[in-house]
Amino acid sequence: MDVLMFATVAVLGFTACAEFGSYAFVHPVVKRLAPRDHIQVEQGLLRTFGIVMPVLMTASLVLAISYAARPDGAGLPEVLRWVAAATWATGIVTTVLVNVPINLSTLRWDKDFPPERWQERRNRWEWFQGYRSWAYLAAFLLVALSVATVG
């Protein structure tokens, strides 16, 4: 059994699905809530997703790089694995540079008296959440394709 391959597929798959599900199915509903409720739900999500996802996103990148760097020959599977790792890394970079600062400020907002232009900040967060979600999904699919091309 190839433990590294299994762990990479499992952890990237779970993390990509969680992020994409949040982006595609949860946040469109949250965005339609009244401001007070919108902020309250965002703060709640940050207290759940915000604890688990940094660990999973980082573990996914470590696994993707480890899987890409394995010395089992060149060819299409290796190229796919490296592209997957690079794609995942772009999601983490945008998360750290854009989403995390917005998340930290969102946690401090008073839901009854939101800051001026709070929706603009959340819209910026949403755009980069979309980017990250698609990047993670693409990276997972690239890893899956690399596994499929080996056998």
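Q: In which helix is the place of Phe20?
A: The model considered here is predicted. Among its elements is a helix that spans residues 3-31, and Phe20 has its place there. The element in question is helix 1.

Q: Does Phe20 count as buried or exposed?
A: The relative accessibility of Phe20 is 17%. A residue is classed as buried under 20%. Because 17% falls under that cut-off, Phe20 counts as buried.

Q: Leaving aside neighbours within four places in sequence, with which residues is Phe20 in contact?
A: Contact requires heavy atoms within 4.5 Å. With neighbours within four places in sequence left aside, the partners of Phe20 are Phe25, Ser133, Trp134 and Leu137.

Q: How many Å apart in space are Phe20 and Val150, C-alpha to C-alpha?
A: In sequence, Phe20 and Val150 are separated by 130 residues. In space, their C-alpha to C-alpha separation is 27 Å.

Q: Which residues does the UniProt annotation "transmembrane region" cover?
A: The annotation comes from an unreviewed UniProt entry. In the predicted model, the span 48-67 is 100% helix, with its end C-alpha atoms 29 Å apart. The span 79-102 is likewise 100% helix, and its end C-alpha atoms lie 34 Å apart. According to the record, the annotation covers residues 48-67, 79-102 and 133-150.

Q: Which helix supplies the largest share of the lining of the largest pocket?
A: The largest pocket holds about 400 Å³ of space. Its lining has 23 residues, of which Phe49, Gly50, Met57, Asn103 and Arg132 are the closest to its centre. Helix 1, helix 2 (35-68), helix 3 (76-108) and helix 4 (118-150) each supply at least two lining residues. The largest share, nine residues, comes from helix 2.

Q: Leaving aside neighbours within four places in sequence, with which residues is Leu12 in contact?
A: With neighbours within four places in sequence left aside, the contacts of Leu12 are Ala7, Ser60, Leu63, Ala64, Trp88, Ala139, Phe140 and Val143.

Note on methods
Residues are numbered from 1 along each chain as its sequence is written. This is a predicted model: local features need pLDDT of at least 70, side-chain atom pairs count only at pLDDT 80 or more; totals for chains, interfaces and linings use all residues. Side-chain values use heavy atoms; hydrogens and water are left out. Helices (H or I, at least four residues) and strands (E, at least two) are DSSP runs, numbered from the N terminus. Buried means under 20% relative accessible area, exposed over 50%, partly exposed in between (1.4 Å probe, protein chains only). UniProt positions are given in the numbering used here, feature names are shortened, and annotations may be inferred rather than shown by experiment. On a 1 Å grid over the protein atoms alone, a cavity is a set of points where a 1.4 Å probe fits but cannot get out, and a pocket is an open set with protein on both sides within 12 Å along at least five of seven lines; lining residues have an atom within 4 Å of a point. Grid points are joined across faces, edges and corners, and a volume is the space filled by probe spheres set on the points.
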